[in-house]
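Here is a short report on one protein chain.

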Amino acid sequence: WILFESMRFLLFALLLTLPALQHCKTCDVTQYGAKGDGKTINSKAINAAIAACDHVQFPVNGGVFVSGSIHLKSHLILEIQRGSTIKGAKNDINAYDPAEPNPWSKYQDYGHSHWHDALIWGEFLNNVTITGFGKINGENIATGTPPKGGADKVLALRTVQGITIEHITMEKNRTFRSARHGLQ
């Protein structure tokens, strides 16, 4: 009887932990329509891949993926492999998210007052990794206050716990390479 109860308890405990034991879903951004041709705006495809998967890859030798705002989420691995580059879209095509309202913006500069108008952004997140041996190119990101639909930051992270950024090359950043607040 004791053996039966012990087995029943172990089975119950195993069933409770199964969701945590499942592997994260990995996908390649090209499966969602992204093209590394250096001209296609890939924001929708990249964000669709991030919404559907926990481990999003830009393929080896994948080319240049031009994008507007990319939205990070909790428990995400964003892997930019060697030979792939995420490049910010030009500021005059309305590719970036609008700056969010901030009642304190009159007390500080524009770049420290807004987070959503960035190439890659996330706020109030847990466990985010940006890795790989690829590049993030901020050549087209504005200096100073961007035009409507433009960006002034390559990477904007606000209140993120468990952030890892490793092996990435950030190149041609004309202004904020990254704006960070409340990271752990």
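Thr 85 sits in strand S7. Strands here are DSSP E runs of at least two residues, helices are H or I runs of at least four, and both are numbered from the N terminus. The model is predicted, so local features need pLDDT of at least 70 and side-chain atom pairs count only at pLDDT 80 or more, while totals for chains, interfaces and linings use all residues. Residues are numbered from 1 along each chain as its sequence is written, and side-chain values use heavy atoms, with hydrogens and water left out.

Is Thr 85 buried or exposed? Thr 85 is buried, at 12% relative accessibility. Buried means under 20% relative accessible area, exposed means over 50%, and partly exposed lies in between (1.4 Å probe, protein chains only). Leaving aside neighbours within four places in sequence, Thr 85 contacts Gly 63, Val 64, Phe 65, Lys 135, Asn 137 and Glu 171. Contact means heavy atoms within 4.5 Å.

## The parallel sheet

In what order do the strands of the open sheet run? The order is S2-S4-S7-S9-S11, with 5 strands and parallel pairing. Two strands pair if DSSP finds at least two bridges between them. S2 (37–41) and S11 (169–171) are the edge strands, and each pairs on one side only. Neighbouring strands are turned by 20° against each other on average, direction ignored. Axes for such angles are lines fitted to C-alpha atoms, for helices over the stretch in contact, and angles run from 0 to 180 degrees between N-to-C directions.

S9 (residues 135–137) and S11 run parallel and are joined by 3 bridges. Asn 137 stands opposite Glu 171 in S11. Asn 137 and Glu 171 are also among the contacts of Thr 85.

## Salt bridges

Side chains of opposite charge can pair when their charged atoms come close. A salt bridge is counted when a side-chain nitrogen of Lys or Arg lies within 4 Å of a carboxyl oxygen of Asp or Glu. By this rule there are 6 salt bridges. One of them joins Lys 73 to Asp 54, with the closest N and O atoms 3.7 Å apart. Lys 73 lies in the loop between S5 (70–71) and S6 (76–80), and Asp 54 in the loop between H2 (43–52) and S3 (55–58), so the pair ties together parts 19 residues apart in sequence. Lys 73 is partly exposed at 22%. Asp 54 is partly exposed at 27%.

Lys 153 pairs with Asp 117, the closest N and O atoms being 3.5 Å apart. This pair links distant parts of the chain, 36 residues apart: Lys 153 is in S10 (residues 153–165), and Asp 117 is in the loop between S7 (84–88) and S8 (118–131). Both residues are buried. Arg 158 pairs with Glu 123, with a closest N to O distance of 3.1 Å. Arg 158 lies in S10 and Glu 123 in S8, so the pair ties together parts 35 residues apart in sequence. Arg 158 is partly exposed at 27%, whereas Glu 123 is buried at 16%. Salt bridges that share partners join Asp 117, Asp 152 and Lys 153 into one network.

## The disulfide

A disulfide is a covalent bond between the sulfur atoms of two cysteines. The cut-off here is a pair of cysteine sulfur atoms within 2.5 Å. The structure holds 1 disulfide. Cys 27 and Cys 53 form it, their sulfur atoms 2.3 Å apart. The torsion about the S-S bond is about 130°, so the disulfide is right-handed. The pair links distant parts of the chain, 26 residues apart: Cys 27 is in S1 (residues 26–28), and Cys 53 is in the loop between H2 and S3. Cys 27 is buried at 3%. Cys 53 is buried at 0%.

Ala 118 is in strand S8 and is buried at 0% relative accessibility. Beyond neighbours within four places in sequence, Ala 118 contacts Ser 69, Tyr 96, Ala 151, Lys 153 and Ala 156. The C-alpha atoms of Ala 118 and His 71 are separated by 9.4 Å, and the two residues are 47 residues apart along the chain.

Which residues touch the most other members of the largest nonpolar core? Val 56 and Leu 72 do, in a core of 35 residues. Such a core is a set of buried Ala, Val, Leu, Ile, Met, Phe, Trp, Tyr and Cys residues joined through side-chain atoms within 4.5 Å. H2, S3, S4 (63–67), S6, S8 and S10 each supply at least two residues of this core. Leaving aside neighbours within four places in sequence, Leu 72 has contacts including Leu 78, Ile 120, Trp 121 and Leu 157.
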